[in-house]
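Here are a few notes to read alongside the model. Have a look at the structure first, then go through the points in order.

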Amino acid sequence: MPGGDIIEYGAIGRADVRHTPYDHMVGTGILRPERVSAVRESFPKIKLTGFHPLSQMTVEGAFADLIKEIQGSRFASAVSDSLGVDLRSYPQLITIRKISAAHEGRIHRDSESKIATLLIYMNEGWLSSEGRFRVLRNDHDFNDFAAEVSPEMGSFVAFRRADHSWHGHTPFVGERRVVQIAWVRSQADIDRKNRRHGLSSFFKKLLRPGQSEAYS
């Protein structure tokens, strides 16, 4: 089985960095090709829609190795250098999505508790014209975008939070795998988001009585 790094740090360094309408970068190939299969096979078996905190699930195998690498200083340094903001001193909030619902992806900007966000996509090909991340110029028009990212295996997008950092993805229903890494201002912000997600998951499971566990 292949060993060593899972992240291709050169891909981060080669990312297309732009500063309008806000600071962001997009790229491909962030996962080393020889590790992709193992990462995909060990992706968490999430049964509910939406993003789910890493803290509320068990990860194993190559996916666990990927998370460990994401949590390391080398990854934070690489993103900091490319995006132009020092993220090394901020805690990470890692959330994972496997299944997307029709109402998700609406245009929004992140809360002030976030410094920057990076999303790594993990889908084998992407034939749909929907479900593509867009860097938007305003808060109401999905068609007025500065960049678009197809959620294919190894593609990624990162951006600095700003009052005008509008983004989202066009509606898509089905499997859409992504790992989201947010650098936030404090551990208290992470704890608060985790508590809020716990309540959300509880009510989702009440509405889906045949599904007793969100993860397996």
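1. A word on burial to begin with: buried means under 20% relative accessible area, exposed over 50%, and partly exposed in between (1.4 Å probe, protein chains only). His-52 sits at 0% relative accessibility, so this residue counts as buried.

2. Some ground rules. This is a predicted model, where local features need pLDDT of at least 70, side-chain atom pairs count only at pLDDT 80 or more, and totals for chains, interfaces and linings use all residues. Residues are numbered from 1 along each chain as its sequence is written, and side-chain values use heavy atoms, with hydrogens and water left out.

3. Back to His-52, which you'll find in strand β3 (strands are DSSP runs of E, at least two residues, numbered from the N terminus). Its side chain reaches the backbone oxygen of Thr-49 at 3.0 Å.

4. Now zoom out to the sheet: 7 strands, open, antiparallel pairing, in the order β1-β2-β8-β5-β10-β4-β3. Pairing here takes at least two DSSP bridges between two strands. β1 (16-18) and β3 (51-53) are at the edges with a single partner strand each, so one side of each has no neighbour in the sheet.

5. Val-26 is opposite Val-157 in β8.

6. Finally, Leu-136, in strand β6 (residues 133-136). Buried or exposed? At 0% relative accessibility, Leu-136 counts as buried. His-167 is 31 residues away from Leu-136 in sequence, yet their C-alpha atoms are 5.2 Å apart.

Key. Helices (H or I, at least four residues) and strands (E, at least two) are DSSP runs, numbered from the N terminus. A polar contact is a pair of N or O atoms within 3.5 Å; within protein, one must be able to donate a hydrogen and the other to accept it, and residues adjacent in sequence count only if both atoms are side-chain atoms.
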